[in-house]
Every structure is written in C-alpha cells, then in structure tokens.
Amino acid sequence: MNLKQKKLIITLSTLTLASLSAIPSQAKQVNLSTGGYATEFQKPALMNKIDTNKNNLVSSGEYYRFNDRLFNELDHNNDGFLDQNEWVGKKVNHKNPTLATGGYLNALRNTEIMNAMDEDKDTTVSKAEFLIYQFKVFNALDKSKNKELTLQEWGSEGLVS
Ligand SMILES: [Ca+2]
Ligand SMILES: [Ca+2]
Ligand SMILES: [Ca+2]
C-alpha cells in the first residue's frame, strides 16, 4: 500500500453521508463559473437523472450515490484517485452512459474544475476531495437545510460568484 492509498483510507473512513451533509459551503457562494459548469449542473435533466426514485427531490443519499458512481466511472485504473489523464485525457468509456447528461460530463471534465476540487494540490482528485466538493455544492443549494433539493433549489442562485 502506498502513502496515497493510506491517506485515502484514513480520509474516507471519516467521511459519512451525515458528515458530508454537514459540510458548510464555506463561502456564501461556490464558484462554478468555469466553462458553463454551473449551467450544465443546474439543468433539470441532470437533476432528473440523480432523482432515482422520481419524487422530484434529490436527497443527500441519492446525491451521494450518484457522485460515488460518477467517480468510479471516471477512475479507470480503480486506484481511488482521478489523475489528469482520467479527468480530461481519453474519452470516458461509459460503463453506464445514462448516469449523467453529456453536457454535464463535458463541463465537468475541465482542468479548472479539477483544480478547484484538488484541495491538497497534489494534481490528483481523491474520492474524498470529489465528494467533499460536490457536497459543498449540494449544501449551498439546499436553502431550506433539510438535506433534500427541490427543483427550485436545484436551479437556485449561489453557485456562481
Ligand atoms: Ca428523490
Ligand atoms: Ca485513477
Ligand atoms: Ca488532491
């Protein structure tokens, strides 16, 4: 086991859905203005894909499962880290092409978004970094703080500074 893997296990073991849901969005706004990312993210079509039980709400659990699967799909060598080649290099060989919208995947796979997620600046995005970032976004949109996003909250302001 290399150092990176050790670090990942330690970080992930402390990451529960409850702890992720409690992450403050820190700044009032999360800056996702790069390359139309926020626009693609906030489309109802993406929300609909994440809302697996089709009750027109995205729960923190649905959101967690979506991001967990998305990370695993991008992590070609299954080492728990996304490097630059996995992020923007070759096209994703979709194991599950219906997971997200094409527009969202294109906007996500941008080095500026990758750098924003890479908290410790080691040029890879660990699963912990990925989930923490995605939950900052979730929590910024969850205006009513009930760990569920309505369509109105999904499209609400607060992601772009
Ligand atoms: Ca739902
Ligand atoms: Ca990897
Ligand atoms: Ca990193």
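Helix α5 (residues 60–74) has 15 residues, and its first and last C-alpha atoms lie 21 Å apart, close to the 21 Å expected at 1.5 Å a residue. That expected span is 1.5 Å times one less than the number of residues in the helix. Helices here are DSSP runs of H or I with at least four residues, strands are runs of E with at least two, and both are numbered from the N terminus.

This is a predicted model, in which local features need pLDDT of at least 70, side-chain atom pairs count only at pLDDT 80 or more, and totals for chains, interfaces and linings use all residues. Residues are numbered from 1 along each chain as its sequence is written, while chains are lettered from A and ligands numbered from 1 in the order in which they are written.

**Helix α5**

Which residues of α5 are buried? Tyr 63, Asn 67 and Leu 70 are buried in α5. They lie on the same side of α5, because they cover an arc of only 60° around the axis. The arc is taken from the directions that run from the helix axis to the C-beta atoms. A residue is buried if 20 or more other C-beta atoms lie within 10 Å of its own, exposed if 12 or fewer do, and partly exposed in between, with C-beta atoms placed from the backbone. The cover over the buried residues of α5 includes α4 (44–50), β1 (57–59) and α9.

Tyr 64 also lies in helix α5. Tyr 64 touches Leu 17 and Leu 20, leaving out residues up to four places away in sequence. Contact means that two C-beta atoms, placed from the backbone, lie within 7 Å. Tyr 64 and Phe 138 are 74 residues apart in sequence, yet their C-alpha atoms are 9.9 Å apart in space.

**Helix α9**

Helix α9 (residues 127–141) has 15 residues, which should span 21 Å at 1.5 Å a residue; its end C-alpha atoms are 21 Å apart, so the two values agree. How many residues of α9 are buried? The count is 13 of its 15 residues, so α9 is mostly covered.

Lys 121 sits in the loop between α8 (111–117) and β3 (125–126). Thr 123 lies in the loop between α8 and β3. Most residues other than glycine have a negative phi. Lys 121 has a positive phi, near 55°. Thr 123 has a positive phi too, near 65°.

| Residue | Other C-beta atoms within 10 Å | Class |
|---|---|---|
| Lys 121 | 7 | exposed |
| Thr 123 | 11 | exposed |
| Tyr 64 | 19 | partly exposed |
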